[in-house]
Amino acid sequence: MEKQPQLQRMDPGKQLIVFGHFFNLLVTGEESGGRYFIYEDMVPPGGGPPPHTHPDEELFYIIEGEFEFILNELDKPFRVPPGQLVKIPSMAVHTFKNVGKEMGRTLTLLLPGDLEKYYRAIGKVVSSPDDIPDLSAVPDYQNMDLSQAFSLAPEHKVEFVFPRQEIGIFE
C-alpha cells in the first residue's frame with residue numbers, strides 16, 4: 001500500500017517538511033483568528049522531535065501507526081494506539097516517536113497555535129511532490145541540518161530537553 005501523501009493539488013504554504021515529517025496544515029492560526037492551529041503530521045518510522053517544552057497546549061489524535069510518547073518523565077515512555085488522544089499541557093516536557101515500521105499519522109491541535117510560527121520558520125515549504133521525503137524510511141537525522149531549529153527555538157519559546165545518554169531514547 002502506498003503511504004506517501006498524494007497531493008491532488010498544491011495548496012501554497014499549507015504543506016511543510018519539519019524534522020523529516022510531512023505537515024499538512026488544515027487550519028492555520030490566521031484562519032482561526034489566533035485561537036488554534038490544526039495539522040496532520042505524517043511521521044516516518046523512527047521519526048519524532050527531541051524532548052521539548054513550549055507554551056502551547058497540544059492534543060495528538062493518533063490516526064494510524066505505532067507511537068510512543070513521553071510526558072514529563074523521560075525514562076517512562078508509553079504507547080498510544082490509533083484512535084486514542086494524548087493531551088500535553090502547556091510547558092510540559094514531552095516528545096513522541098513513531099516506533100512502527102511504517103509511516104504513522106496524527107491529527108494535532110495546538111492551543112492557541114503559536115507554535116505554527118516556529119514550524120514555518122524552520123520548515124521547508126512543499127512546492128512540489130518531489131519535495132516530500134520518503135516517509136517509509138527512517139529519517140537520516142545524522143545528516144539533517146537542525147541548526148536553525150535549535151537556534152530559533154528560544155525566539156519561539158521552545159526549549160529542547162536532552163535526556164541523559166543512558167536512558168536510551170531515540171537510539
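The dialogue below takes up these features in turn.

Modeller: This is a predicted model, in which local features need pLDDT of at least 70 and side-chain atom pairs count only at pLDDT 80 or more, while totals for chains, interfaces and linings use all residues. Residues are numbered from 1 along each chain as its sequence is written, and side-chain values use heavy atoms, with hydrogens and water left out.

Colleague: Is Y61 buried, exposed or partly exposed?

Modeller: Buried means under 20% relative accessible area, exposed over 50%, and partly exposed in between (1.4 Å probe, protein chains only). With a relative accessible area of 37%, Y61 is partly exposed.

Colleague: How many salt bridges are there?

Modeller: A salt bridge requires a side-chain nitrogen of Lys or Arg within 4 Å of a carboxyl oxygen of Asp or Glu. The count comes to 10. One of them pairs K14 with E31 at 3.0 Å, N to O. This pair links distant parts of the chain, 17 residues apart: K14 precedes β1 (15-18), and E31 sits in the loop between β2 (21-27) and β3 (37-43). K14 is buried at 12% relative accessible area, whereas E31 is partly exposed at 49%. Another bridge joins K124 and D131, whose closest N and O atoms are 3.4 Å apart. Shared partners also join E40, E64 and R105 into one network of salt bridges.

Colleague: Which side chain makes a polar contact with that of N24?

Modeller: A polar contact is a pair of N or O atoms within 3.5 Å; within protein, one must be able to donate a hydrogen and the other to accept it, and residues adjacent in sequence count only if both atoms are side-chain atoms. The side chains of N24 and Q15 are joined by such a contact of 3.2 Å. N24 lies in strand β2 and is buried, with 19% relative accessible area. Contact in general means heavy atoms within 4.5 Å. Leaving aside neighbours within four places in sequence, N24 is in contact with K14, Q15, Y39 and E40.

Methods. Helices (H or I, at least four residues) and strands (E, at least two) are DSSP runs, numbered from the N terminus.
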